[in-house]
Amino acid sequence: MDLQYLVREPQNITPETPVLFLIHGYGSNEQDLFSFIPTLPEDWLVVSFRAPRDANNGGYAWFDIDFMSEENFLNEPQAEAAVKQVLENILKISNHYGLTNNKTHLCGFSQGGMIGYSLALHYPELFSKVALLSTFPEDRLLKNIVRDKKKLEHLRFFISHGTDDAAIPIEWAKKGAELLYDLSAYFSFREYMAGHGVNQKNYIDLMEFFKK
């Protein structure tokens, strides 16, 4: 199924044009992370997906979650289908623009970050820079991940989290740093005086990461 998305095309698109895919969080939409556009590199193609499911608050969701139950925090079949769907759309859009010799970057917030972890660690050969904001690595989406250090060494991860995040505890986020450390992957882990969101300092650091 094709996902709806917003796109910002650079002036010139070649097979080498970098592309960034944005994956929003639960109850949000494709406009949310697309607001990063003004400070992202001008020569990048930027695509912001809309999740396929209606969330309770009028936004959209990648899969159902139950905040009251850590055991059943996510609907596993829906989550696995979402990862597959995002991957298929990434490949389809890259093919549509003829991107054959480029770098592909990911940025996922919250629920979108869980998908980001899964994509990057199952298909590391497809990606370059991966930003994971206010999220955590969900074990049920990380079965059979790539553990070959050689296949992961080109990846660069940026993990950020608010110290006052009431939706996803910072301890959960730290599991991401532990996982990437165990995999000998290159990453930076940043904490900010913030809730479940991206404050100004976090935003500046994120843009620095993308521009490096």
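This is a predicted model: local features need pLDDT of at least 70, side-chain atom pairs count only at pLDDT 80 or more; totals for chains, interfaces and linings use all residues.

User: Thanks. In which loop does Ser110 lie?

Analyst: Ser110 has a phi near 55 degrees, a positive value in a residue other than glycine. At 8% relative accessibility, Ser110 counts as buried, because the cut-off for buried is under 20%. As for its place in the chain, Ser110 lies in the loop between S6 and H3.

User: And Ser134: is it buried or exposed?

Analyst: Ser134 is found in the loop between S7 and helix H4 (149-152). Its phi is positive, about 50 degrees, although Ser134 is not a glycine. With a relative accessibility of 1%, Ser134 counts as buried.

User: Let's turn to the helices. How are H2 and H3 oriented to each other?

Analyst: Helix H2 covers residues 76-96 and helix H3 residues 111-122, and their axes are 10 Å apart. The two pack at an angle of about 65 degrees, and angles of 65 to 115 degrees count as roughly perpendicular. H2 and H3 are therefore roughly perpendicular to each other.

User: How do the residues of the contact of H2 with H3 divide into nonpolar, polar and charged?

Analyst: H2 passes H3 in a right-handed crossing. On the H2 side the contact is made by Ala82, Val83, Val86, Leu87 and Ile90, and on the H3 side by Ile115, Ser118 and Leu119. Sorted by type, the residues of this contact are seven nonpolar, one polar and no charged.

User: What covers the buried residues of H6?

Analyst: Helix H6 (residues 200-211) has 12 residues and reaches 17 Å from its first C-alpha to its last, close to the 16 Å expected. Its buried residues are Asn202, Asp205, Leu206, Met207, Phe209 and Phe210. What covers them includes strands S2, S6, S7, S8 and S9.

User: Which residues does Asn202 touch, not counting residues up to four places away in sequence?

Analyst: Asn202 is found in helix H6, and at 1% relative accessibility it counts as buried. Leaving out residues up to four places away in sequence, Asn202 touches Phe158, Ser160, Tyr192 and Gly197.

Key: Residues are numbered from 1 along each chain as its sequence is written. Side-chain values use heavy atoms; hydrogens and water are left out. Axes are lines fitted to C-alpha atoms, for helices over the stretch in contact, and angles run from 0 to 180 degrees between N-to-C directions. Helices (H or I, at least four residues) and strands (E, at least two) are DSSP runs, numbered from the N terminus. Angles under 35 degrees count as roughly parallel, over 145 as roughly antiparallel, 65 to 115 as roughly perpendicular and the rest as oblique. A crossing is left-handed if the near helix is turned anticlockwise from the far one by less than a right angle, and right-handed if clockwise. Contact means heavy atoms within 4.5 Å. Ala, Val, Leu, Ile, Met, Phe, Trp, Tyr, Cys and Pro count as nonpolar, Asp, Glu, Lys and Arg as charged, and the others, Gly among them, as polar. The expected span of a helix is 1.5 Å times one less than its number of residues. Buried means under 20% relative accessible area, exposed over 50%, partly exposed in between (1.4 Å probe, protein chains only).
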